[in-house]
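This report looks at a ligand site and at one helix pair. The structure comes first.

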Amino acid sequence: MLRKFHRLPGLMAGLFLIVLSVTGAVLALAPTLDRVSAVIPAFGEVSVAELADRVVTHYPGTEQIVREPSGKVIVYYSRDGQAGADLVNPVTGEGIAPYESSAFFGWVKDLHRAFMLDDAGRALAGVLAAFMVLLCISGILLLARRTGGWRNLLRPLSGSGSKRIHAELARFAVLGLLLSALTGSYLSAQRFGFLPEASEIGPTFPAEVSGGQPAPVGTLKALGNVDFGEFRELVFPYPGDSQDVYSLTTRGGSGFVDQATGELLQYQPRSDGSVVQQWIVSLHTGEGLWWLSLILGAAALTVPVLSMTGGIIWWQRRRSSGQLPDNADASQADTLILVGSEGNATWGFARELHSSLNKAGFRVHCSEMNALANQYPQASRLFVLTSTYGDGDAPASAQQFMARLGNFRPGKALTFAVLGFGDRQFPNFCKFAVEVDAALANKGLGRLHGLEKIDRCAAAQFSEWGESISKDIGVPLTLDYNPLPPATVELELVERADYGLAIQAPTSILRFKAAEQGGWTKVFSGNHKTLPSFEAGDLLGVMPPNGQAPRFYSLASSATDGVVEICVRKQPGGLCSGYLHALRLGDRIEGFVRQNPEFRPAKGNLPIILIGAGAGIGPLAGFIRKNTSRNPMYLYWGGRDSRSDFLYQPELGDYLDDLRLTGLNTAFSRSDERAYVQDKLRQDQMALRQMASKGAQFLVCGGRDMAAGVRQVIDDILKPLNTDVESLKKQGRYLEDIY
Ligand SMILES: Cc1cc2nc3c(=O)[nH]c(=O)nc-3n(C[C@H](O)[C@H](O)[C@H](O)COP(=O)(O)O)c2cc1C
């Protein structure tokens, strides 16, 4: 609901909002430019009497002197019967340049206020400002939900692409945008009479003036008492009219000054309403507050990017939820399908189930798990299809499910079936699905069908599950889904370095390049695909021979390195690792990239501690290679025998020499020292604790047992700091890529 609330005004108003914000950003420059060119005397340096005296010396026909909020001073005068206006220096009274309001800023202001459409445009701008208020408020709520609560609002954000850019920019700009939108809505509501405007009634013209011989303006006492900082406007008396007076406006009010005695007559302070009104204008335009105008301008500039990324997110969501035809409304549906997915594979299965149930005559509502509503009044069966990610964690579209389950009030008749999607190669096979199944049972829901798990998107297992469900619901379902294989690129092996043969742990560093599509094939196929950009720590999906499901390997290079590098240990009987180890230079494989932004070193210059064992060194070596800004980076790595499987030994030496690597600590389990990487960590505990207390980040890559051992040692090391690995994980300071 909240997302819908955020999305609708956003999509409707996107284009106009871009115009409003870009013009707003341009206008925000005006107060700063004015401030830069203005000469502003220090407090107490120039009184209004002195200012007027100096101006009159240079402009004998002065009629009015105005001080703009930026500090600029304008004199309006008549000379030889011609009216003129000049900018003047308030210290000397000399003219600086003829005064002309900028035609460009005037045009931009018209576009900003009314889209060049008079009242209809003004009304539209007002409605858009109100939309913007809604967008900002719903956006802040969504952000708090995404970061796990208000207290975490400033924490590092996870995710990548449009979602990440949208959230980061919104977090930076939201307060500025909210201020502009609130003040804009207020001013617009005032203009159309929905809110009262503070009317400023000036003082009445004095009943009595001295009528004596006018004194020189520089000697008038009431003007001498007002500092330039307080001054706003001085209107001169009509020349030769001894009954006329000076009209003086200051920051605090306005009054009249007798031109002979210099007495202040009929002074009237400004009303509170007028002060508030002026503040609202200043907070909207930055008038007189040049620093605020820069903040508002920077915030406004984010709107085009926010609109674009917001549009992309909406479109991706729509596409991934498959624009399901005949998706029943949640309140009307008798059957629910909730989907937890990170890479969208599970959506394909959900779509097939949705279509099959629809054909069987059910009213089916399908949505992501994060969109779990509090109630589904008509629903009697719930199917949850979810993948598992990270190390047994929830996928992106299910991360808020468990929290939302707290408010979920299921009807008595609602029964459920959970179908997990995962990969048996991970020890936490379908762990999140297991947790969801238990949580729903705890909530008191009856089971329609027990938990089942699908390994690597196996279509046959899915069909079998469909047959069991058919029996449970008493209606035949045919679940015939063949997932499309991912779009792959042909990669050619260009280099390999082999280690570990002597110790029966063959491990190779393999470097590939996108294979050249030559000659006629290239011309006619139009099929010259390249890998998308990738970073060390992302995953290379490799299609093994015989059409098996892809296997994933952590990338040890970034796209900018010009090669696709992986480090692979040959597993006994391993289909894909065996296939890769048998490759010779020039051989080609089919591969694709899957991003893994959760496993990346933090930016900045806090220490990074890389810990790994065996082939887990791959992405860690990639991080070190990329550390061209020489931030402190330490590597703890464990192998078997330094003579046989010291992976990346020459490169690590170079990185130490050129300071991309600050410290290297190795442990070899089959050498004389018989040490594991955990032992080296324990030996260095003082240094590690000190770095942790300074905010260091830990990145661990390698086998599961090693990772468990490392976690235990780091927990011990952190104890005196009253923290642990779990807390560091929550802060994004302990990342694992384990297999
Ligand atoms: C980085 C990564 C981590 C994964 N972690 C697990 C895991 O812990 N347990 C599991 O069963 N499957 C794991 N998988 C496999 C996915 O759950 C599986 O590929 C699933 O079909 C993906 O579906 P989705 O594209 O809808 O998210 C992982 C996959 C990747 C790429």
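Which domains supply at least three residues each to the shell around the ligand? They are domain 3 (321-473) and domain 4 (489-594). The model is predicted.

**Ligand site**

The ligand is surrounded by 26 residues. Ser341, Gly343, Thr346, Ser387 and Gly422 are the closest of them. Two elements, α10 (345-359) and β12 (415-422), each contribute at least two residues to this shell. By class, the shell holds 10 nonpolar, 11 polar and five charged residues.

**Helix pair**

Two packed helices are described by the angle between their axes and by the distance between those axes. Here the pair is α6 (residues 161-191) and α8 (residues 272-285). Their axes come within 8 Å and cross at roughly 135°. The crossing of α6 past α8 is left-handed.

| Helix | Contact residues |
|---|---|
| α6 | Leu179, Ser180, Thr183, Gly184, Tyr186, Leu187 |
| α8 | Ile280, Leu283, His284 |

Five of the residues in the contact of α6 with α8 are nonpolar and four are polar. No charged residue takes part in this contact. The shell around the ligand, in turn, includes five charged residues.

Definitions and conventions
Residues numbered from 1 in each chain as written. Predicted model: local features only at pLDDT ≥ 70, side-chain atom pairs only at ≥ 80, totals over all residues. Axes fitted to C-alpha atoms, helices over the stretch in contact; angles between N-to-C directions. Helix = DSSP H or I, 4+ residues; strand = E, 2+ residues; numbered from the N terminus. Left-handed = near helix turned anticlockwise from the far one by under 90°. Contact = placed C-beta atoms within 7 Å. Nonpolar A, V, L, I, M, F, W, Y, C, P; charged D, E, K, R; others polar. Near = placed C-beta within 6 Å. Domains from an automatic or database assignment.
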